[in-house]
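I set out to record what I looked up in this structure. The entries follow in the order in which I made them.

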Amino acid sequence: MAILIRPVREQLEHDRIIRILQAKYKRKHDAVVNVGEDKAAPIKVGANLLYPDLVLNSSHAPKRMQGLVEVETGESVNHLEAMAEWAHFSRTRAAFYLYVPVGSVDIARHLCQAHQVAFAEMWAYQPLGDEIHFTLVKRNLHPEAAGGREAALPPKGGTARGGPVAPKGKAAAKPARAPKSAAKKPAPKKPAGKPARPKAAKGAKAGGAKRPAGHAARPAARSKAGAKAATGKSAKPASAKGKRR
């Protein structure tokens, strides 16, 4: 529904496009139009009662509003329409579909950014003889844009509530791992039950442990005394033989 009064030619083209889109969306939705004096599907956004060109409801019970379609002409792509209608439509729980003429695409994009209009899809249309050719300009898959939830839009150049949002398709960067060669393996620990063996004293022979010095001297002294006794006993018989001769 336009805020400004369009020229008759533009209004006729506008109503014709709405009827074409109604037939298109009827395949999946219960599409209700608000054309001319036929205001069959008003919606309430806050304290405002608005009439979008097409209201898309679920085709099965319970009936729920799933989409809103707004068709603009060259005269109605302006700040007044963006503030009074687009901004409110994009803040409902239904997806918002915006259709503009081919020559007004850049202006419509600028108005959506200026007024934070979160649309699900923007389409450009162009009359080609008796037919209308539609071209998809942009499809917004962001939850706030596709769902159009109120008070969920991030400020310009900012982030949504809960912190910055990562771009889709890109996972968070993982911390770099150290190369395997640089990692040092810990030294193997000895079993706690086995005590460490005492080190052998310096100068010890491989055959056995060294005896104390006091004990080693006695056998040497005894051997000397035994040698003297042996020599003394053997000498006495020799002397006796000499005397007999």
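I first looked up the accessibility of Q116: at 28% relative accessibility, Q116 counts as partly exposed, that is, between buried (under 20% relative accessible area) and exposed (over 50%), with a 1.4 Å probe and protein chains only. I noted that Q116 is not a glycine, yet has a positive phi of about 55°. I located Q116 in the loop between α3 (105-114) and β8 (121-128); helices (H or I, at least four residues) and strands (E, at least two) are DSSP runs, numbered from the N terminus.

I recorded the basis of these entries: this is a predicted model, in which local features need pLDDT of at least 70 and side-chain atom pairs count only at pLDDT 80 or more, while totals for chains, interfaces and linings use all residues. Residues are numbered from 1 along each chain as its sequence is written, and side-chain values use heavy atoms, without hydrogens and water.

I next examined β5 (54-58) and β6 (65-71). They run antiparallel and are joined by four bridges; two strands pair if DSSP finds at least two bridges between them. N57 has M65 of β6 as its bridge partner. The two strands form a hairpin with six residues between them. In the loop between them I found P62, which a cis peptide bond joins to A61, with omega about -5°.

I then turned to the other pairing of β6. β6 pairs with β7 (residues 95-101) in the parallel sense over five bridges, and V69 has Y97 in β7 as its bridge partner.

Lastly, I asked why β6 is largely enclosed by the rest of the structure. Five of its seven residues are buried.
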